[in-house]
Amino acid sequence: MNPAPENVPPPWLGLIGWLPIIIYFLVKYVVIGRENMTSRQSWLLIGAVILAEVALWQYRRQFRNKKKL
């Protein structure tokens, strides 16, 4: 049985999962600089990465097969 087309994740979804982490390191080390970042900025950046990961997780979740009870 083939899965329904709406339950097939897009091919770019696996690669986009790394995007929040890559952006984190780019912002921390390239844009701002490690020695110029305050503790509060660091925690805000980590929080933004966590929120982005949760959003991606929610998006991936819609492609899982739903079990019928």
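Author: Buried means under 20% relative accessible area. By that cut-off, 19% of the 69 residues of the protein chain count as buried. Please keep in mind that this is a predicted model.

Reader: What makes the pattern of the protein chain α-α-α?

Author: The protein chain has 3 helices and 0 strands, and reading along the sequence gives α-α-α.

Reader: Why is H2 called roughly antiparallel to H3?

Author: Helix H2, residues 19-32, packs with helix H3, residues 39-61, at an angle of about 165 degrees. Angles over 145 degrees count as roughly antiparallel, so H2 is roughly antiparallel to H3. The axes of the two helices are 9 Å apart, and the crossing of H2 and H3 is right-handed.

Reader: How do you know that H2 and H3 meet, and which residues take part?

Author: Contact means heavy atoms within 4.5 Å. On the H2 side we find Pro20, Ile21, Tyr24, Val27 and Lys28. They meet Ser42, Leu45, Ile46, Val49, Ala52, Glu53 and Leu56 in H3. By class, this contact has 9 nonpolar, 1 polar and 2 charged residues. Lys and Glu count as charged, so Lys28 and Glu53 are the charged ones here.

Reader: What share of contacts join residues at least 24 apart?

Author: Among contacts between residues at least 6 apart in sequence, 69% join residues at least 24 apart.

Reader: And what is the accessible surface of the protein chain?

Author: The accessible surface comes to about 6000 Å², and 66% of that belongs to carbon and sulfur atoms.

Definitions and conventions: Residues numbered from 1 in each chain as written. Predicted model: local features only at pLDDT ≥ 70, side-chain atom pairs only at ≥ 80, totals over all residues. Heavy atoms only, no water. Axes fitted to C-alpha atoms, helices over the stretch in contact; angles between N-to-C directions. Helix = DSSP H or I, 4+ residues; strand = E, 2+ residues; numbered from the N terminus. Parallel < 35°, antiparallel > 145°, perpendicular 65-115°, else oblique. Left-handed = near helix turned anticlockwise from the far one by under 90°. Buried < 20%, exposed > 50% of the residue type's maximum accessible area, 1.4 Å probe, protein only. Areas by Shrake-Rupley, 256 points an atom, 1.4 Å probe, with all protein chains shown as cover.
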